[in-house]
Structure formats: structure tokens, C-alpha cells
Amino acid sequence: DDWCASLTLSDVLDRLKDAGCPSGPIYDAADMLKDSHFNARGMFEDIETPTGLKFKIPAMVPKLSGTPGATEWCGPQVGAHNRQVLVEDLGLDDKEISRLQAVGAVGTECS
């Protein structure tokens with residue numbers, strides 16, 4: 001605990017390796033996106049939403065030669081189901097929805 005808090009990740013991994021202890025880093029999404037091995041293996045793909053928003057998403061795994069898979073649709077537009085959720089699921093009325101939109105708590109539906 002305390003011994004590794006004062007060391008860099010690289011130092012901790014080196015010491016564990018020297019002790020014969022299998023170990024490796026625990027990545028968050030940002031670490032994975034920066035990792036050359038993840039990128040070389042095609043673990044992410046670039047997509048674009050119908051409104052032009054571009055971003056990376058996890059690619060299909062496992063990588064199969066006969067049926068490699070691909071993302072054909074990035075899903076509904078952001079906000080596409082706001083009204084359904086706010087009215088049908090949460091029981092909010094138009095006045096409350098307008099108030100929430102005005103303070104930025106809820107976005108507006110995409111056109």
C-alpha cells in the first residue's frame with residue numbers, strides 16, 4: 001500500500017517483475033486510447049454521428065477473419081428519447097421540462 005504510493009507505476013511494475021510476480025497496469029479508457037498496442041490491434045474505431053460529431057468507440061471483439069464485424073450505426077441521436085423518458089417514465093409536464101431545459105439540466109431533442 002504505502003510502498004507503492006510513493007513510486008511511479010513503472011517502478012512498481014519493475015519491482016514486481018524483479019520479484020517474479022506477474023503484474024501489469026490497470027488501464028482506464030484514456031490509457032487504452034493512448035496505448036500503441038491497443039491501436040495497432042484495431043481496438044477502437046472512429047465514427048461520425050448524423051449531426052457530424054466525431055469520436056472513437058470500442059471496435060468489435062473478438063477479431064474474427066470470416067466475420068470481422070463492424071459498427072454500422074452509432075445509435076440514436078443524443079436527446080432523441082428525452083421527451084419519452086421525461087414524460088412517460090418520469091411523469092414530467094411541459095412546464096417542468098421547459099424549466100429543466102432553461103437551466104441546462106436537460107438538453108433539447110436533436111432535429
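Is Tyr 27 buried, partly exposed or exposed, and at what relative accessibility? Tyr 27 counts as partly exposed, at 32% relative accessibility, where buried means under 20% relative accessible area, exposed over 50% and partly exposed in between, for a 1.4 Å probe and protein chains only.

The model is predicted, with local features requiring pLDDT of at least 70 and side-chain atom pairs counted only at pLDDT 80 or more, while totals for chains, interfaces and linings use all residues. Residues are numbered from 1 along each chain as its sequence is written, and side-chain values use heavy atoms, with hydrogens and water left out.

Confidence is expressed as pLDDT, the predictor's value for each residue from 0 to 100. The chain has a mean pLDDT of 88, and 95% of its residues reach 70 or more. Helix α1 (residues 2–5) has the lowest confidence, at a mean of 81, whereas α2 has the highest, at 94. Helices (H or I, at least four residues) and strands (E, at least two) are DSSP runs numbered from the N terminus.

Two aromatic pairs are found in a search of the whole structure. Rings of Phe, Tyr and Trp (its six-membered ring) pair if their centres lie within 6.5 Å; planes under 30 degrees apart count as stacked, over 60 as edge-to-face and the rest as tilted. Tyr 27 and Phe 38 form a tilted pair, 5.8 Å centre to centre with 50° between the planes. Tyr 27 lies in the loop between α2 (9–18) and α3 (29–34) and Phe 38 in helix α4 (residues 36–40), so the pair ties together parts eleven residues apart in sequence. Phe 38 counts as partly exposed, at 24% relative accessibility. Together with Phe 44, Tyr 27 and Phe 38 form one aromatic cluster.

The structure also holds three salt bridges, each a side-chain nitrogen of Lys or Arg within 4 Å of a carboxyl oxygen of Asp or Glu. One of them joins Lys 56 and Asp 46 at 3.1 Å, N to O. Because Lys 56 lies in strand β2 (residues 54–58) and Asp 46 in strand β1 (residues 44–48), the pair ties together parts ten residues apart in sequence. Lys 56 is partly exposed at 41% relative accessibility, whereas Asp 46 is exposed at 59%.

Arg 83 forms a salt bridge with Asp 94, with the closest N and O atoms 2.9 Å apart. This pair links distant parts of the chain, helix α5 (residues 82–89) and helix α6 (residues 94–102). Within helix α6, Arg 99 and Glu 96 lie three residues apart, about one turn of the helix, and their salt bridge brings the closest N and O atoms to 2.8 Å.
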